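Please look over the sequence and the structure below before reading on. The paragraphs that follow lead through the model one region at a time.

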Amino acid sequence: MSPELESWYDALWQDFLRHCPSARKIHAVLGGGAPIINDHIALRTFARPGIDLAACGAQLQALGYREGGQYHFAAKRLDALHFEHPEPGVPKVFISELRLADCSAGLNRIVDELLAGLGPADSPGFMHAGRHWAVSQQDYRSLLAESEYAAWLAAFGFRANHFTVDVNQLPGFDSVAAVNARLRAEGFALNASGGEIKGSPEVLLEQSSILADEVEVEFSDGAASIPACFYEFAFRYPQLDGRLYQGFVEASADKIFESTDVRR
């Protein structure tokens with residue numbers, strides 16, 4: 001990696017560890033102390049000029065990434081892109097945005113207040129800059145009633161929502177099912193929405209994830225523990241040309257988003 005890309009990646013990773021404490025134990029359980037290769041990183045944002053997919057995508061391109069695919073999630077009012085880097089071993093980036101134009105006036109009012117005074121994504125560091133605003137528990141709960149995604153962004157801001165273990169390069173494991181079995185044995189709670197394994201060999205991608213760790217968040221009217229970040233696991237199958245599939249499956253990603261849902 002270039003020094004700039006390595007610095008960006010490390011900042012995302014260190015911040016992720018603070019918001020997903022389980023990651024260190026997962027590395028110990030699955031890797032036995034050896035390095036673990038990550039398949040992709042996921043980021044979230046709002047469809048607001050200056051911080052939307054286009055703006056963040058431009059910063060990823062400045063790091064050498066190239067756009068790889070487009071995705072749409074009608075029920076969650078999300079659009080997404082994934083980016084790939086030509087350098088082998090560099091994780092892909094999956095970035096999504098909430099379509100504010102499709103959300104209620106009440107949600108937009110709260111988001112407008114949160115984003116007031118926020119400048120554009122003018123450097124790659126914007127994507128791990130965290131929360132730029134104060135938010136109350138009342139506004140958080142109002143957003144939660146309409147969009148878990150919006151509430152998560154309001155509480156945590158701009159940072160890696162999750163990292164993803166590349167199971168194809170994970171010694172000692174040959175499937176997502178084997179990874180899941182080991183994680184269950186170690187007491188991790190898995191995201192069962194749509195089944196513990198999302199996808200299949202037929203769509204060339206299988207994925208699973210733990211439920212997001214709960215961390216304490218400082219709201220303007222007190223602290224509360226809420227779901228933060230999580231670890232995902234992906235196994236990719238070869239295409240007809242023999243190369244591993246590098247895209248994403250909308251039906252599977254739709255359920256992966258729910259790893260951060262509040263357990264009511």
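**An enclosed helix and its surroundings**

Helix H6, which covers residues 148-156, is largely enclosed by the rest of the structure, because 9 of its 9 residues are buried. The model is a predicted one, and the values given here are to be read with that in mind. The buried residues of H6 are Glu148, Tyr149, Ala150, Ala151, Trp152, Leu153, Ala154, Ala155 and Phe156. After the helix comes Gly157, a residue with a positive phi, near 70 degrees.

The largest pocket, in turn, has a volume of about 300 Å³, and of the 17 residues in its lining, Val90, Lys92, Asp166, Gln169 and Gln246 lie nearest its centre. Its lining is made up of 5 nonpolar, 6 polar and 6 charged residues.

From the pockets the reader can turn to the cavities. How many cavities of 30 Å³ or more does the structure hold? There are 3 cavities of that volume, and the largest cavity contains about 110 Å³ of space. Among the 14 residues that line this largest cavity, Ala42, Phe94, His162, Ile256 and Phe257 are the closest to its centre. The largest share, 4 residues, comes from E1, and by class the lining of the largest cavity has 7 nonpolar, 5 polar and 2 charged residues.

Strand E1 also has a part in the second largest cavity, where it gives the most to the lining, with 3 residues. About 40 Å³ of space lies in this second largest cavity, and the residues that line it are Leu43, Arg44, Thr45, Cys56, Ile95, Phe126, Met127, Phe158 and Arg159. By class, the lining of the second largest cavity has 6 nonpolar residues, 1 polar residue and 2 charged residues.

With a relative accessible area of 4%, Ser252 is buried, because a residue counts as buried under 20%. If its neighbours within four places in sequence are left aside, Ser252 is in contact with Lys198, Gly199 and Gln207.

Two packed helices are described by the angle between their axes and the distance between the axes. Helix H1 (residues 3-19) and helix H2 (residues 22-31) pack with their axes 7 Å apart and at an angle of about 100 degrees, which makes H1 roughly perpendicular to H2. Where the two helices meet, Trp13, Gln14, Phe16 and Leu17 belong to H1, while Ala23, Arg24 and His27 belong to H2. By class, this contact of H1 with H2 has 4 nonpolar, 2 polar and 1 charged residues. Helix H2 also contains Ala28, which counts as partly exposed at 49% relative accessibility. Ala28 and Tyr65 are 37 residues apart in sequence, and their C-alpha atoms are 30 Å apart in space.

Arg77 lies in the loop between strand E2 (66-73) and strand E3 (78-84), and although Arg77 is not a glycine, its phi is positive, at about 60 degrees. Leu204, found in the loop between strand E6 (198-200) and strand E7 (205-209), is likewise a residue other than glycine with a positive phi, in this case near 70 degrees. Is each of these two residues buried or partly exposed? Arg77, with a relative accessible area of 18%, is buried, whereas Leu204, with a relative accessible area of 22%, is partly exposed. The two fall into separate classes because buried means under 20% relative accessible area.

How values were computed: Residues numbered from 1 in each chain as written. Predicted model: local features only at pLDDT ≥ 70, side-chain atom pairs only at ≥ 80, totals over all residues. Heavy atoms only, no water. 1 Å grid on protein atoms, 1.4 Å probe; cavity = no way out; pocket = protein on both sides within 12 Å on 5 of 7 lines; lining within 4 Å. Points joined across faces, edges and corners; volume = space filled by probe spheres on them. Nonpolar A, V, L, I, M, F, W, Y, C, P; charged D, E, K, R; others polar. Buried < 20%, exposed > 50% of the residue type's maximum accessible area, 1.4 Å probe, protein only. Axes fitted to C-alpha atoms, helices over the stretch in contact; angles between N-to-C directions. Parallel < 35°, antiparallel > 145°, perpendicular 65-115°, else oblique. Contact = heavy atoms within 4.5 Å.
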